[in-house]
Each structure stands twice: as C-alpha cells, then as structure tokens.
Amino acid sequence: RAIGPSLTITGIENALADPTLELRNGNGVLVQSNDNWKDSQQAAIEATGIPPQNNLEAAILAPLLTGSYTVIAAGKDGSTGVGLIEVYDLGPPQ
C-alpha cells in the first residue's frame, strides 16, 4: 500500500495527496502498478481486511516468487509530500 491522505488523521503535515505505487522485479521490470486502489483488484484488496482508508491511496495485491523486488511510491503528476509504503505477507494464496 502507498498511504498518503490517511496520514493527516495522525497529525502528519504535508501528506502525499495522491500516491501512486509501482512494484518492480530484481531487474527493474515493472510487475504491477496502481494509482487509486479501487481502480483494480478492489474486491481482493477488501478481502484482505486491510484496504486503504482513502480512495486516492494505492494498493497492489501480488503473489511473489522468491527474489528481490523494489516498491516505489510517488506523488501523482510529480506532487510531493510525506507518504508511507506498507508491505504485508498475507501467506500462501488461497
């Protein structure tokens, strides 16, 4: 998850207003990306029990093979601010 707007609830100033999220493999190849989490995988992300609180936040649900990965959170259209990347191990796929 790439969290931004929800951070204001905890008193974070200058929170990233509209985060985007990219998942890249060890070779830098884009595996998956997301802007607004409800745009794709909404039902699957909700089923985890930990969907982002704000519709502008980003989330990706992806089964990963063993290896190195890079996750990149950025502000949409070059915007800046404080953001948070959260990574969860949800166990084996059902």
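At a relative accessibility of 47%, valine 29 counts as partly exposed (buried is under 20% relative accessible area, exposed is over 50%, and partly exposed lies in between, using a 1.4 Å probe and protein chains only). You can find valine 29 in the loop between β2 (19–25) and β3. Setting aside neighbours within four places in sequence, valine 29 is in contact with Leu23 and Arg24, where contact means heavy atoms within 4.5 Å. Threonine 70 is 41 residues away from valine 29 in sequence, and their C-alpha atoms are 9.6 Å apart in space.

Before going on, a word on what you are looking at. This is a predicted model, in which local features need pLDDT of at least 70 and side-chain atom pairs count only at pLDDT 80 or more, while totals for chains, interfaces and linings use all residues. Residues are numbered from 1 along each chain as its sequence is written, and side-chain values use heavy atoms, with hydrogens and water left out.

Now step back to the whole protein. Its secondary structure comes to 1 helix and 5 strands, and along the sequence they follow the pattern β-β-β-α-β-β. The radius of gyration is 13 Å, close to the 12 Å that the globule rule gives for 94 residues, so the protein is as compact as a globular protein of that length. That radius is taken over C-alpha atoms, and the rule is 2.2 Å times the number of residues to the power 0.38. Helices (H or I, at least four residues) and strands (E, at least two) are DSSP runs, numbered from the N terminus. Buried residues make up 27% of the 94 residues.

Asparagine 34 is buried, because its relative accessible area is 7%. Not counting residues up to four places away in sequence, asparagine 34 touches Thr20, Leu21, Ser40, Glu57, Ala58, Ala59 and Ile60. The side chain of asparagine 34 also reaches the backbone oxygen of asparagine 36 at 3.5 Å.

Finally, follow the chain to proline 92, in the segment after β5 (84–85). Proline 92 is exposed, because its relative accessible area is 63%. Proline 92 and lysine 76 are 16 residues apart in sequence, yet 32 Å apart in space from C-alpha to C-alpha. For scale, the C-alpha atoms of the protein fill a box of roughly 35 × 30 × 20 Å, taken along the principal axes.

Definitions and conventions
Polar contact = N/O pair within 3.5 Å; in protein donor to acceptor, adjacent residues only side chain to side chain.
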